[in-house]
Amino acid sequence: MTITEVSEKFNVSQDTLRYYERIGLIPRVNRNKSGIRDYTEEDCKWVEFIICMRNAGLPIEVLIDYVELFQQGDATIEARKELLIEQRKQLIARMEDMQKTLERLNYKIAVYEQIVVEKEKELKRSEN
């Protein structure tokens with residue numbers, strides 16, 4: 001696949017894909033005879049993984065560490081697992097914070113909706 005196709009498939013800019021490759025978040029992508037990036041299915045799996053992790057809020061630095069460990073082979077399986085477990089813990093904490101924020105927003109919206117209902121009742125009373 002070309003960079004344009006990958007960009008469209010994953011809804012990410014071509015610049016972002018180049019950046020991820022440059023900093024080592026995705027392995028170096030092979031190029032065709034014309035020098036154009038030629039993404040394989042394996043490359044696309046890396047792109048999908050990195051985008052998913054970034055969307056979940058994992059820092060680039062952590063993902064770089066993960067990819068470096070992965071490239072070192074099976075001797076790093078336990079280290080990779082621990083890294084992912086720590087990120088899961090942090091993600092759960094963020095999700096709990098977001099849930100609290102959502103509950104607060106819902107409460108505030110309900111208060112404003114109640115105010116609107118009361119104002120409408122007042123208007124109807126004054127019209128009669």
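The following legends describe close-up views of a predicted model.

**View 1**
The largest nonpolar core of the predicted model contains 25 residues. Ile26, Tyr39 and Val47 have the most contacts inside this core. At least two core residues come from each of helix 1 (3-10), helix 2 (14-22), helix 3 (41-55) and helix 4 (60-72). The greatest contribution is that of helix 4, with seven residues.

**View 1. The surroundings of Tyr39.**
Residues up to four places away in sequence are not counted in this view. Tyr39 touches Met1, Thr2, Ile3 and Val6, and also Leu17 and Glu21.

**View 2. Helix 4 and its buried residues.**
Helix 4 consists of 13 residues and spans 18 Å from its first C-alpha to its last, close to the 18 Å expected at 1.5 Å a residue. Its buried residues are Ile60, Val62, Leu63, Ile64, Tyr66, Val67 and Leu69. These buried residues pack against helix 2, helix 3 and helix 5 (77-127). After helix 4 comes Gly73, which has a positive phi near 100°.

**View 3. The salt-bridge network around Glu21.**
Three salt bridges are found in the whole structure, and salt bridges that share partners join Glu21, Arg28 and Arg37 into one network. Between the side chains of Arg37 and Glu21, the N to O distance is 2.6 Å. Arg37 belongs to the loop between helix 2 and helix 3, whereas Glu21 belongs to helix 2, so this pair ties together parts that are 16 residues apart in sequence. Both Arg37 and Glu21 are buried; the relative accessible area of Glu21 is 2%. In the salt bridge of Glu21 with Arg28, the closest N and O atoms are 3.6 Å apart. Arg28 is exposed, because its relative accessible area of 60% is over the 50% cut-off.

Asp15 and Arg18 form a salt bridge through their side chains, at 2.9 Å from N to O. The two residues are three places apart in helix 2, which means that about one helical turn separates them. In an α-helix, residues three or four places apart point the same way, because there are 3.6 residues a turn. Asp15 is exposed, with 57% relative accessibility, while Arg18 is partly exposed, with 28%.

**View 4. Asn11 in the loop between helix 1 and helix 2.**
Asn11 is located in the loop between helix 1 and helix 2. Its phi is positive, near 55°, although the residue is not a glycine. Most residues other than glycine have a negative phi. Asn11 is exposed, with a relative accessible area of 73%.

**View 5. A nonpolar surface patch and Val111 of helix 5.**
Tyr107, Val111, Tyr112 and Ile115 make a nonpolar surface patch of about 420 Å². Val111 lies in helix 5 and is partly exposed, with a relative accessibility of 31%.

**View 6. Gln90 of helix 5 and its separation from Asn30.**
Gln90 is a residue of helix 5. With 34% relative accessibility, Gln90 counts as partly exposed. Gln90 and Asn30 are separated by 60 residues in sequence, and their C-alpha atoms are 35 Å apart in space.

Notes:
Residues numbered from 1 in each chain as written. Predicted model: local features only at pLDDT ≥ 70, side-chain atom pairs only at ≥ 80, totals over all residues. Heavy atoms only, no water. Core = buried A, V, L, I, M, F, W, Y, C linked by side-chain atoms within 4.5 Å. Buried < 20%, exposed > 50% of the residue type's maximum accessible area, 1.4 Å probe, protein only. Helix = DSSP H or I, 4+ residues; strand = E, 2+ residues; numbered from the N terminus. Contact = heavy atoms within 4.5 Å. Expected span 1.5 Å × (residues − 1). Patch = residues over 30% accessible without salt bridge, like charges linked within 9 Å, V, L, I, M, F, W, Y side chains within 5 Å. Areas by Shrake-Rupley, 256 points an atom, 1.4 Å probe, with all protein chains shown as cover. Salt bridge = Lys/Arg side-chain N within 4 Å of Asp/Glu carboxyl O.
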